[in-house]
Every structure is written in structure tokens, then in C-alpha cells.
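Trainee: I have just opened this entry and would like to be walked through it. Could we look at it together, one part at a time?

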Amino acid sequence: MTVLASGSKGNSTVIASAHTRLLVDAGLSCRELLKRMAIANEDPAALDAILITHEHQDHIAGLAVLARRLRIPVFITEPTHRAWVRMVTPRTTMTYAQWLDHVQKEKDARAQAAAAAQTTTEPGAPRLDSETWERGATKLGAPSMTVSSSWVGSGATEPIAVSAESDPDEVDEPAAPKPDPAYLPAVEYFHSGNPCGFVFESRSEAVRMAIATDLGYMPPNVKSALKRIDVLLLESNHDLEMLRDGPYPWAVKQRVLSRVGHLSNHATAEFLARDYDGGATYIVLGHLSEANNAPELALISAEQAIAGRMSLLGNRLILAQQSAPLTPICL
Ligand SMILES: [Zn+2]
């Protein structure tokens, strides 16, 4: 297991056996993920697939770009995939009132373009004019790509040509076909509640690893899934007091504390003290909140939970980092 990033600002972990190499979540930009894989000596080209736990930004931020770049399939639940597609696809439908408003804006834009065309094609017209005008165009065309491009095609030929001399990239952009932002090389649905965690097992190597984060509480099915695990990445999101006194608005605090929120240090310690079977060689504490937790607090809390059980003395506790990859954990 190589934790590339773990925390409220981005999560991604490589899980590998002798035969299979998977990336669980892609919650940083593609560039940052590749950078961290390089630091951790993980070859991106060796990845077989990307698995997604759920559609929150801290788990999917780099998904599309990375999957396309590596040309590997994405394993995801259908509801998570749908939610993600909705998130990344610009809205193209509008109400009738919006449409009327839109038509009016389009008309105004054409009039403005005609006026601007006159200004910018005048000899010696300053470059600034065309820039100002382009900004205006973007704003007016904003609600949908169709409007923006049809407008560019009809009214803006001349000024576009003027700025083409100084910045060809910028000009080519509106005419180029926009790639589908939700395109993935291959999508494989699996069935699960939504969101989910994973237990990975390599039978030939007799090794089991698990990732369990973004848990509002420890449901019985998760408790029973986390048995006989050799490397366990477990959420220890917040310190209850820091959350209570911290900067989050009340409604957000309530959500973090709820059953669809995150596991507190206390809840994680409770699991380790009461329900955990003690079989892991490594317990990695992850998904720490930057605003509402301190690494020392998470660590002490888990250490105390383990110290109470003699059988757990062989367990090694590691803190996953937000800002840098962990050294690969090898069994
Ligand atoms: Zn998360």
C-alpha cells in the first residue's frame, strides 16, 4: 500500500499485489498524482485500474484526466458515476424564462460585437480594446457553449482575426470541438452502498488490505468486513473538541458529526479498543481534517486505544499525510 495523499483536501492510494496494481481514488490533480507516484517510486503505467469510493472532490478531482492519460478502466458504482457525470457536465438545459433572457443577451451581444468590430479594426486601435471585448463575449456566452460559439461565428470574425496575431491559442479555443468532460476510457460498475470502502485480498500472497474512510459511524457491516486485515487504512478525521470550537459553520459541524460525516479520533479509538480483531501489521490513520484535527491528537488517541490491549502491541501505527506520499508499506 502506498498512500499518495490522505486528508480532507485529497485522497489517493496505490494497492498492489504481485499481479495487480490499483489506484483507489484520484483526489488530487493528475499532475500532482503523477508527481507523487514519481516520489514514491510508483510507475503510473503499471496501474491496471482506478477504483472510486464516492464522488466528493477530495476523491475524484484528478479522475478524468488521469484515466484518459493512462487509458485504464474506472471501477465505480452507478450512482457515483451518475453523480460525477452531472458534476462535470456543464448544464445545457434551461427554463423558458432563462431561454428568453438568453435570446435577448445573444441579440445584445451581436450588437456589441458589431460595435466592437468597428473599434478594433480601426487602424492603430489599442490591443486593450479587443481584450476587453473578448472578456465581455465570454461573459455573455457563459450559460452554454452553443450560444457562445454561434455568437462568435456570426458577429466576431474580424476582431478574432485581429487578436489571432497576438495569441493564436486563445483564438483557436472557441472553434475547437470541446472534449466531453465526462469521457472515461472504460467504466466498470460494481454494486455497493454509496459511498463505499474496500477490502483487497491477494490469495496467492495471503495478504489483505483495507481502506475505510469517509465513515460517519462504524456500521456493523464495516466492522465485520475489517477482520483479518494486514494493512488497514482507517479514518481518524477530527478531534471532537477542535471541531466543536473550530471555524466550521454550525451546519457543517453537524454534518461532519452525523452518520454521513466522518469518524472522529474518539470513534476510531472506540473501534480499535472494542471491535478490532488486532490482526493488522500496520494501521494507517488517514483522512485527517486540517482544520479540526492535529496529527498528534489522532495518534495519541489510537495509541491509547491499542495500549489497552496486550494483543495489539505488535500493531504499528502510521499517520498518513495530506501533503506528501508515505513510504510504500510492503509485507
Ligand atoms: Zn473524503
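Trainee: How many residues does helix 14 have, and what length does it reach?
Mentor: Helix 14 (residues 295–307) has 13 residues and reaches 18 Å from its first C-alpha to its last. That is close to the 18 Å expected at 1.5 Å a residue, where the expected span is 1.5 Å times one less than the number of residues. Helices (H or I, at least four residues) and strands (E, at least two) are DSSP runs, numbered from the N terminus. Please note that this is a predicted model, in which local features need pLDDT of at least 70 and side-chain atom pairs count only at pLDDT 80 or more, while totals for chains, interfaces and linings use all residues. Residues are numbered from 1 along each chain as its sequence is written.

Trainee: Which residues of helix 14 are buried?
Mentor: Ala-298, Ser-301, Ala-302, Ala-305 and Ile-306 are buried. A residue is buried if 20 or more other C-beta atoms, placed from the backbone, lie within 10 Å of its own, exposed if 12 or fewer, and partly exposed in between.

Trainee: Let us turn to strand 10. How many of its residues are buried?
Mentor: Four of the five residues of strand 10 are buried, and the strand is mostly covered. Strand 10 runs parallel to strand 9, with five bridges joining them, and Val-231 stands opposite Tyr-282 in strand 10. Strand 10 also runs parallel to strand 11, joined by four bridges, with Ile-283 opposite Leu-317 in strand 11. Two strands pair if DSSP finds at least two bridges between them.

Trainee: Is His-287 buried or exposed?
Mentor: His-287 counts as buried, with 27 C-beta neighbours inside 10 Å. Arg-228 also has a positive phi, of about 55°, although it is not a glycine. Arg-228 is found in the loop between helix 10 (220–225) and strand 9 (231–235), and it is exposed, with 12 other C-beta atoms within 10 Å.

Trainee: Now strands 7 and 8, please. Do they run parallel or antiparallel?
Mentor: Strand 7 (residues 198–202) and strand 8 (residues 207–212) run antiparallel, joined by five bridges. Phe-200 has Met-209 in strand 8 as its bridge partner. Their hairpin has four residues between the strands, and Ala-206 there takes a positive phi near 55°.

Trainee: What is Ala-210 in contact with?
Mentor: Leaving aside neighbours within four places in sequence, Ala-210 is in contact with Gly-197, Phe-198, Val-199, Leu-226, Ile-229, Leu-232 and Leu-233. Two residues are in contact if their C-beta atoms, placed from the backbone, lie within 7 Å.

Trainee: Which residues touch the most other members of the largest nonpolar core?
Mentor: Of the 56 residues in that core, they are Ile-50, Leu-63, Ala-210, Leu-232 and Leu-233. The core draws at least three residues from each of domain 1 (1–89 + 183–194) and domain 2 (197–323); the domain bounds come from an automatic or database domain assignment. A nonpolar core is a set of buried Ala, Val, Leu, Ile, Met, Phe, Trp, Tyr and Cys residues joined through C-beta atoms within 7 Å.

Trainee: Leu-63 brings me to helix 3. Which of the residues in helix 3 are buried?
Mentor: In helix 3 (residues 63–70), Leu-63, Ala-64, Leu-66 and Ala-67 are buried. Among the elements covering them are helix 1 (30–39), strand 4 (49–51) and helix 4. Helix 3 is followed by Arg-71, whose phi is positive, near 55°.
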